[in-house]
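Here is a short briefing on one structure.

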Amino acid sequence: MASHLRLTLLGVGAMNSPRYAPAGLLLRHRRRSVAFDAGPGADPPPRLDGWLVTDERAELGSALRRMAADHDVPLRMGDLDLGDLRIRACPVIHTSHPTCGYRIELDGTVVVWAPEFWTFPTWAAGADLMFAEAAGWDRRIRFRGGVGGHAHVQEIGPEAVRHRIRRLVYAHIGRPCLRAMDAGRRPGWGEWGREGRTYTLPPAGAGVPEETAGRPAPTGSPSDTGDETPDEKAGPAVEEEAVRSHAEDDADATPPGE
C-alpha cells in the first residue's frame with residue numbers, strides 16, 4: 001500500500017516576526033524527509049534527505065546554511081526526486097532576483113509551498129493543499145525601488161478559488177495579519193497556519209468543486225494529525241508543541257538579499 005504524505009509546519013512567521021518562527025515546512029514520505037526554508041527556532045529533525053529554499057539570497061541565508069551544515073545536507077534551490085516523490089522548483093514573481101515556490105507531486109496528490117510572492121503563481125493550479133504567502137492583510141507590501149514585494153490575504157484567497165486550490169493555508173504571517181488575528185478576523189478563504197500542525201494526504205489526489213476551493217477543509221480533504229477541539233473544526237489540530245520565534249515590517253520592506 002502506498003504511503004501517505006505528511007507535511008508539518010515548522011514555523012509560520014515572516015522575517016523578524018515577534019510571535020512566530022520563520023516560515024518552514026517538513027515533508028515526510030516513507031523514510032524520506034525534506035525541509036523547506038525555516039530558520040532559527042524552526043529546526044527540522046536531524047536526518048534529512050534534502051533542504052530546499054525559495055530564495056538563495058534571503059536574509060536568513062547565512063543562518064540556514066549553518067543549520068544545513070549541522071544536518072550534513074546541502075542547502076539549495078532546485079528540483080528534487082526521491083523515487084515516486086517529485087519536487088519541482090517553480091518561479092515566482094517576488095523580487096529583483098530569481099525566487100521560487102515548490103510543487104510537490106506524489107501519485108496524483110499535489111502540494112504547493114509558496115510562502116512569498118507578489119503575483120499568485122499560476123503553476124499552483126489544482127493543488128490539493130497550498131501553503132501560501134500572508135505578509136499582508138488587505139494591502140500589498142511593496143519593496144523599496146518597486147522591485148516586487150508581497151501579495152495580501154484578501155487577494156490571495158479569491159485567486160486560490162480561481163485556481164481551484166483545494167485547501168489553502170497561510171504560512172508566512174506578517175505584522176498586518178497578526179493585527180488582524182488579534183482583532184479576531186479570519187480570512188474569507190483559507191485558514192491561518194499554526195506551528196507544529198501536520199497535514200496528512202493520501203497517495204491519490206482528488207478533485208474539489210470550485211465553490212469549496214480554498215475554504216476550510218471539506219470532508220475528504222487533506223486531513224490533520226491529532227484530535228480537533230470544537231473551536232478547531234475549520235482547521236487542523238496541533239500534533240506537537242509549537243516552536244517559537246520571529247515577520248517583515250508591514251510597509252516599504254527591503255527586498256531580501258538586496
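Buried means under 20% relative accessible area, exposed means over 50%, and partly exposed lies in between (1.4 Å probe, protein chains only). Tryptophan 192 is buried by that rule, at 13%. The model is predicted: local features need pLDDT of at least 70, side-chain atom pairs count only at pLDDT 80 or more, and totals for chains, interfaces and linings use all residues. Residues are numbered from 1 along each chain as its sequence is written, and side-chain values use heavy atoms, with hydrogens and water left out.

**Nonpolar cores**

- A nonpolar core is a set of buried Ala, Val, Leu, Ile, Met, Phe, Trp, Tyr and Cys residues joined through side-chain atoms within 4.5 Å.
- In soluble globular proteins, nonpolar side chains tend to be buried together.
- The largest core here holds 54 residues. Leu7, Phe36, Ile87, Met130 and Phe131 have the most contacts inside it.
- Another core, of 15 residues, lies apart from the largest one. Its members include Met15, Trp51, Leu64 and Ala68.
- Contact means heavy atoms within 4.5 Å. Leaving out residues up to four places away in sequence, phenylalanine 131 touches a list of residues including Leu7, Leu25, Val111, Trp113, Val169 and Tyr199.

**Strands and the open sheet**

- Helices (H or I, at least four residues) and strands (E, at least two) are DSSP runs, numbered from the N terminus.
- Two strands pair if DSSP finds at least two bridges between them.
- An open sheet of 7 strands runs in the order E5-E4-E3-E2-E1-E15-E16, with mixed pairing.
- Strand E5 (75-76) and strand E16 (223-224) are the edges. Each has a single partner strand, so one side of each lacks a neighbour in the sheet.
- E15 (residues 198-201) and E16 run antiparallel and are joined by 2 bridges. Threonine 200 has serine 223 in E16 as its bridge partner.

- E9 is mostly covered, with 6 of its 6 residues buried.
- In a regular strand the side chains alternate between the two faces of the sheet.
- Thr109, Val111 and Trp113 point one way from E9, while Val110, Val112 and Ala114 point the other way. All are buried.
- E8 and E9 pair antiparallel over 5 bridges. Isoleucine 104 has valine 111 in E9 as its bridge partner.
- E9 and strand E10 (residues 129-134) pair parallel over 4 bridges. Valine 112 has methionine 130 in E10 as its bridge partner.

**Aromatic pairs**

- Rings of Phe, Tyr and Trp (its six-membered ring) pair if their centres lie within 6.5 Å; planes under 30 degrees apart count as stacked, over 60 as edge-to-face and the rest as tilted.
- The count comes to 6 aromatic pairs.
- Phenylalanine 117 and phenylalanine 120 have ring centres 5.8 Å apart and planes at 75°, so the pair is edge-to-face. Phenylalanine 117 is buried at 0% relative accessibility, and phenylalanine 120 is buried at 9%.
- Tyrosine 170 and tryptophan 192 have ring centres 5.9 Å apart and planes at 55°, so this pair is tilted. Tyrosine 170 lies in strand E13 (residues 168-173) and tryptophan 192 in strand E14 (residues 191-192), so the pair ties together parts 22 residues apart in sequence. Tyrosine 170 is buried, at 0%.
- Trp113, Phe131 and Tyr199 form one aromatic cluster.

**Charge over a ring**

- A charge sits over a ring if NZ of Lys or CZ of Arg is within 6 Å of the ring centre and within 35 degrees of the ring normal.
- Arginine 140 lies over the face of tryptophan 118, at 4.3 Å from the ring centre.

**Positive phi**

- Most residues other than glycine have a negative phi.
- Aspartate 107 has a positive phi, near 50°. The hairpin of E8 and E9 has 2 residues between the strands, and aspartate 107 sits in that loop. Aspartate 107 is partly exposed, at 42%.
- Arginine 164 also has a positive phi, near 60°. Arginine 164 lies in the loop between helix H2 (153-162) and E13, and is partly exposed at 46%.

**Cysteines**

- A disulfide is a pair of cysteine sulfur atoms within 2.5 Å. The structure holds 0 disulfides.
- The sulfur of cysteine 90 has its closest cysteine sulfur in cysteine 100, 7.8 Å away, too far for a bond.
- Cysteine 90 is buried at 13% relative accessibility, and cysteine 177 is buried at 0%.
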